[in-house]
Amino acid sequence: MTRNIQIPEPPTELLNYCRELEELVTEKLQVLRDQPFPESAGSEEAVEAIRMLGKSGSLEEMGLVPCQGEELAANFREIARLFQHHFPKDPLAIALQQAPVAEWFAAGYHPSSAGKVLPAAALAWAERQELDSDNLQELLHWAAAPARRRAAEHYREDLAAMVTNERGRCPICGRNADFAELSDREHGRRYLACMHCDISWPFRRIGCTYCGNKEFETLGYLMVDGCKTYKIYHCEKCLGYLKTYDRRDDGPLTRKRPLLENIHTYFLDLLALKQGYLPTPAAKD
């Protein structure tokens, strides 16, 4: 247990940005809910493919997250404007004012690649501008979030029937989990959560979600004195960490949306980094 840690609030501007971002994604999701869900594959084939997802693969990679390049481009522009409004001096915000967004999502770009890599044109643009492509990738993830959340809702029952608890990546987009929860109804069963897709899935209680390490002596967790609800599970092999919300400790989950819960636990990220753990360990890939 880590003692005498002053728990800071997240930066105000970052918090406001996340709130407005969540509202924007929710609005876009509602538009998709009002439209028929286009089946990308026969229902029986899709259900069987989802059930057998296993440790790797994702619905996005299988073409089961319907999303057009034009839709992604429109969402990206709105999210970019929101980012620019809250962080006008950020180098990415400044560069995005002249970004050729239409070219990034032109013919030849398939939306299912949004969960893995930037469009080649966008990556080349970021390199020319000497920008951190990870920040640009994050905006793209949020541009794809409405379609991903719609697919998660549509296939929710099928995803619940997955026959594995070994996958550390989101079954919708293929990203690593943003945080975990320990269930108060299932004797502390662990669920991983993706804030972009707004979905959770089971994962074995003991083990690193990044590198798969199962050696008890190289796994552990940190706690902040006076804050029993939250823990930081870490792995000494890959130095990865995962923020975890323990529902058994009767702590109120005051933010119903994963994005807001993630930003309000910003202090855990600071603590993990201070202890030498990494949000993106090399073993993730």
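The axes of helix α3, residues 69-86, and helix α7, residues 133-154, come within 8 Å and cross at roughly 125°. Axes here are lines fitted to C-alpha atoms, for helices over the stretch in contact, with angles from 0 to 180 degrees between N-to-C directions. Helices are DSSP runs of H or I with at least four residues, and strands are runs of E with at least two, numbered from the N terminus.

This is a predicted model, in which local features need pLDDT of at least 70 and side-chain atom pairs count only at pLDDT 80 or more, while totals for chains, interfaces and linings use all residues. Residues are numbered from 1 along each chain as its sequence is written, and side-chain values use heavy atoms, with hydrogens and water left out.

Let us turn to the cysteines. The structure holds zero disulfides, a disulfide being a pair of cysteine sulfur atoms within 2.5 Å. For Cys173, the nearest cysteine sulfur is that of Cys197, 3.7 Å away. Cys173 is buried, at 1% relative accessibility; buried means under 20% relative accessible area, exposed over 50%, and partly exposed in between, with a 1.4 Å probe and protein chains only. Cys67 is also buried, at 11%.

Finally, the backbone. Most residues other than glycine have a negative phi. Asp198, however, has a positive phi near 55°, and lies in the loop between β2 (190-194) and β3 (199-203). Asp198 is partly exposed, at 24% relative accessibility.
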